[in-house]
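Hi there,

Here is the structure I promised to send over. My notes follow below it.

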Amino acid sequence: METNIKSKAFEELAGAAAGLMNPAIEAWKAAGRKVVGYFCSHVPVEVMTAAGVLPFRMRGTGSTGTELADASFSSINCSFPKHTFNQALRGEFDFLDGLICISSCDHVRRIYDNWKQQLSTPYLTVMSLPKKNGQAQVDWYYEEINILRAGLGEFLGVEITDDRLRDAIQQVNETRRLQRQMYELRKRDRPPISGAEALAVMVAGNSLPRERYNDLLRTLLADLENTPGRSGYRARLMIVGSELDDPEYLQVIEDQGGLVVTDSICFGTRTMWVDCSETEPDPVRALARYYIQERPACPRMNGAQPARAKFVQDMVKEFAVDGVVGERMLFCDFWCAEHYMNKADLKEAGIPFIQIDREYILSGKGQLQTRIQAFLETMGR
Amino acid sequence: MVVGGCDVGSTTGKAVILDGTSILSHFIIPSTTKPETTARLAMDEAVKGAGLSSLDDLAYVVGTGYGRLKVPFANENVSEITCHARGAHWMNPAVRTVVDIGGQDCKVISLDAKGKVVEFAMNDRCAAGTGRFFEAMARVLNCGLDGISSLENQGANPATISSQCSVFAESEVITLINEGIDVTNIIAGINGAVANRLFAMVRRVGLTQELVLTGGCSKNDGLAKALERRLGIAVTTLPQDPQLTGAVGAALIASEKKSSN
Amino acid sequence: MEAIDYNMGTAAHDLTTLERKDKALARYKKERDWFAFLLEAAEMMDTPEGKLQVKLLNILLDSKEKVISSVMNDTPFVAAYFCTAPEILNAMNLPWFMIMETPFLAASAPYLLDDLRGAEEMGLGTDLCSAIRLPMYYIESGLMPVPSAVVGLLSPCDGTTMLQQVLQHNPAWKNVPLFAPDPPYTSDERAIRYFANELRTMVSFLEEKTGRKMDMHRLREVCEESNRTYKLWQEYNELRRAVPCPHGWEIGGAQAFAVSQCFVAGDPRCTDWFEQLLECGEIKVKEGRGANEYCPEKIRILWFDIMPYGWVFEFMPWLEQEWGAILVMDMFSNFPYTLIDTSSEETMFHDLAKRNLMDVPMIRQARGTAENFSSDIARMVKDYKIDCVIWPGHMGHKDGAATAGIMRETCRGLGVPFLHIGLDLFDKRYTSVDEVKDKVSEFFRGMGLG
């Protein structure tokens with residue numbers, strides 16, 4: 001990707017985001033270590049980190065079609081699971097030793113059933129994620145996490161002790177802290193890093209061994225201090241939506257002059273704005289509370305819409321955002337209704353908002369350009 | 001100060017030359033395969049028509065439309081949404097809703113009293129409700145675009161064409177022809193179906209009078225009538241060629257930009 | 001085409017409470033009138049089947065009148081669903097209505113297409129299930145009576161979760177207490193216990209918010225009555241195994257589901273209805289008579305979803321007349337009839353949890369992993385000697401759409417032809433009835449059926 005950032009660390013991070021396999025994963029596997037894929041930001045990566053595996057967040061990056069997946073899915077399914085599953089059927093995920101699925105949404109949850117039928121990944125499981133965030137749900141997820149821990153541990157022949165979990169929570173929190181530091185820089189009038197670049201860094205975070213990633217981040221933060229800030233943009237934008245892992249999408253938006261300074265997306269702030277508790281003595285309880293109640297919520301959580309709306313509006317203030325771009329993939333029910341409510345809430349708050357539908361693989365650049373340009377013009381910028 | 005606006009669409013290219021508040025000249029040509037060529041041809045003709053010697057006589061040029069990034073002589077480009085809103089509002093300051101039906105897309109724009117865009121909705125994913133759709137229908141009915149547009153061809157009992165997709169709608173129309181349905185009722189049905197689609201977009205954006213039609217398909221009287229019936233209000237006619245609103249808007253913005261520089 | 005009256009579309013929160021009540025009731029009453037009209041038509045049918053329709057519509061209308069009376073007299077009533085333990089609502093003497101009632105029961109009503117347009121004009125994506133968009137439209141336009149409490153539905157799909165959230169976001173509904181039992185993704189004892197707990201919490205919630213009390217004796221009565229209903233249903237469904245099948249799409253299929261779960265669960269009138277249904281069926285089987293006396297049975301279909309209520313009268317009779325294709329079984333007419341063990345409070349909650357989480361149709365297939373899609377098809381194909389399986393492919397079933405390949409494989413394994421159509425069960429503009437007929441005809445011809 002085009003960038004002003006002169007940094008080897010950034011190069012490696014952007015490289016990791018641009019494809020599926022990367023040299024660090026190759027080295028990891030060559031050393032006899034394992035990689036476990038997972039869908040959705042509600043899967044507790046801490047458990048995988050505690051088990052000593054590399055948690056790899058599933059994406060369909062590089063997919064050019066869905067011909068293989070089309071036999072399992074239909075034309076009214078989201079393009080994200082279709083492309084991702086297609087990549088799997090083409091063998092692009094043969095490097096995975098295991099896969100953790102979850103009942104995140106109607107489209108992605110069926111990857112489990114189809115994957116089970118058609119592929120032979122050694123370890124395959126599905127987690128049951130609640131649809132609301134009360135105490136009973138925290139308790140349920142507490143059990144789910146323990147079940148995962150036991151199953152994954154058995155598969156690996158490893159005991160995932162409480163101590164290991166506590167260490168993992170600290171490590172993952174370190175990642176979160178470093179990522180938040182990077183976002184802090186975007187509060188500036190002249191951020192040294194664009195939205196597209198930041199997204200590449202976030203996506204890389206789920207595709208590299210954690211220690212290496214944390215090191216790269218620290219180096220990047222230092223390099224960013226020497227990177228000229230971006231100016232000459234027309235407006236500061238916030239992107240709100242779901243499974244957006246393609247920096248090029250934000251690039252198109254930013255090329256129109258809309259600098260993306262923050263977000264609420266699955267690969268963005270929702271994964272790192274809040275830390276998992278390190279003071280709660282029972283690490284599984286800490287994780288259960290974190291994933292169900294404490295982290296920024298996503299539309300699948302009934303009852304959390306006011307909190308989600310507040311999260312967006314707080315972000316707008318903190319980052320001096322001029323306008324919000326709500327993206328959703330076609331056929332996504334969650335975000336269809338969520339943006340319907342976002343539109344009303346943001347209108348009431350006097351914050352410009354535009355909703356844009358998209359497909360998982362970037363297409364129709366001209367249409368995206370026109371809408372963003374019109375949005376900026378409407379804001380008078 | 002003489003400025004230019006160039007609206008490069010998928011089907012036609014439009015150029016307007018403005019001097020203060022008067023349109024000196026305008027030109028519309030069918031689009032070529034290259035937007036740069038379309039832009040140049042349209043603007044060259046407009047320059048001639050204005051009695052100018054060359055493009056250099058223009059103080060500022062704004063490009064818009066689908067090919068706006070490829071207008072080599074444009075000083076800047078502005079989205080067609082903003083341009084259509086400005087152009088329509090300039091032609092009639094009472095305009096608050098613009099329904100633009102182009103060759104490949106259609107949009108509804110809501111504007112305020114100053115002609116500033118408040119909200120918009122676009123359909124650029126499929127042919128339904130665009131010039132392409134009408135062209136396809138005209139082919140099937142073998143009646144030409146004039147045939148679909150003319151008021152005397154709008155039957156009193158419009159056939160229902162329920163397909164959301166223009167490809168399926170074509171099959172539906174063929175079936176109707178085979179069933180012997182009166183062609184004027186089919187034509188009225190086609191215009192009705194597009195009116196329904198536009199109506200839904202208008203409702204989403206919000207209907208405030210006055211409402212005008214712009215773009216190539218705005219000259220379809222049958223469509224205008226169907227839309228009026230659907231909306232329950234009269235569609236206002238613009239004093240100038242509604243196909244030029246985008247280019248006019250671009251020229252007006254060119255004026256402002258040059259003045260403020 | 002005339003312009004629509006937009007007064008119906010005025011945002012709910014612009015009206016006073018009384019105006020809101022009247023408007024919401026006006027709509028609800030309009031729907032009641034639609035059913036009253038159907039009742040009149042049914043009363044003119046002097047057949048055993050006609051009498052069944054009359055009975056069903058009377059139960060339905062009675063439950064609607066109770067809701068109307070609750071609104072007028074400000075007495076408690078709730079909004080709920082067929083799978084959020086309606087047995088409990090009956091036991092607590094709480095009138096209730098289904099938020100998704102219109103698409104599920106009244107989609108053939110004349111105002112439905114206008115309502116769909118209303119939903120589109122709200123700006124919601126047209127790829128969201130029509131059965132979800134319609135209630136959203138009614139709520140946002142003030143066309144739904146606001147109850148004392150809402151029992152929310154988070155199952156089986158993403159759409160229902162969002163419906164609850166849009167409901168809670170609406171100013172007129174914001175302060176209405178809502179409890180939504182959380183559906184676990186698994187289907188084991190642990191899941192049942194968890195859901196049973198959710199139901200207990202639901203009872204406390206309803207007691208607190210409506211003032212009605214749960215009486216365990218009453219719950220036992222309701223469950224026992226429901227058990228009687230279910231036993232009869234199971235017996236009746238055995239009759240449908242007969243060749244020819246005694247009843248088609250019109251009688252005893254989805255109707256039975258509606259009577260058992262959608263109006264009032266565990267009521268003697270339901271049991272009585274099933275007794276009559278069984279009697280009707282038995283006579284026909286004894287006499288070897290098929291579903292449609294004018295159309296001999298040639299093809300036995302499993303329609304794996306609810307009826308296409310938006311256009312059922314234009315399609316189902318045609319299936320029978322054109323192809324002799326009888327709807328022997330559909331997704332909603334068949335599920336495990338496991339009875340509720342009423343020996344203790346604990347067993348009752350356990351079994352109610354199991355029924356509402358794992359047995360009721362659609363929830364059963366779509367809530368968790370895909371096994372039930374396959375196993376239910378396999379079971380029904382064998383039990384009912386099915387000649388072909390049709391997955392209608394409703395535009396709202398996103399998880400089902402991602403299970404199409406699995407269903408196809410299952411049918412291939414069973415040696416039974418499988419058709420995936422792709423349509424909207426409620427909106428005939430999505431895929432026209434003619435298109436559906438063409439696809440089905442092509443399928444039958446291609447597979448050498450009929």
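At roughly what angle do the axes of helix 9 and helix 11 of chain C cross? The axes of helix 9 (residues 216-239) and helix 11 (residues 268-286) of chain C cross at roughly 15 degrees and come within 9 Å. Axes here are lines fitted to C-alpha atoms, for helices over the stretch in contact, with angles from 0 to 180 degrees between N-to-C directions. Helices (H or I, at least four residues) and strands (E, at least two) are DSSP runs, numbered from the N terminus. Helix 9 and helix 11 of chain C are therefore roughly parallel to each other (angles under 35 degrees).

This is a predicted model, where local features need pLDDT of at least 70, side-chain atom pairs count only at pLDDT 80 or more, and totals for chains, interfaces and linings use all residues. Residues are numbered from 1 along each chain as its sequence is written, chains are lettered from A and ligands numbered from 1 in the order in which they are written, and side-chain values use heavy atoms, leaving out hydrogens and water.

Now to chain A. An open sheet of 4 strands there has the order 6-5-7-8, with parallel pairing (two strands pair if DSSP finds at least two bridges between them). Strand 6 (258-264) and strand 8 (353-358) of chain A each have a single partner strand, so one side of each lacks a neighbour in the sheet. On average, neighbouring strands of this sheet are turned by 30 degrees against each other, direction ignored. Strand 7 (residues 323-329) of chain A runs parallel to strand 8 of chain A, joined by 6 bridges. Arg328(A) stands opposite Asp357(A) in strand 8 of chain A.

Best wishes

Note on methods:
Parallel < 35°, antiparallel > 145°, perpendicular 65-115°, else oblique.
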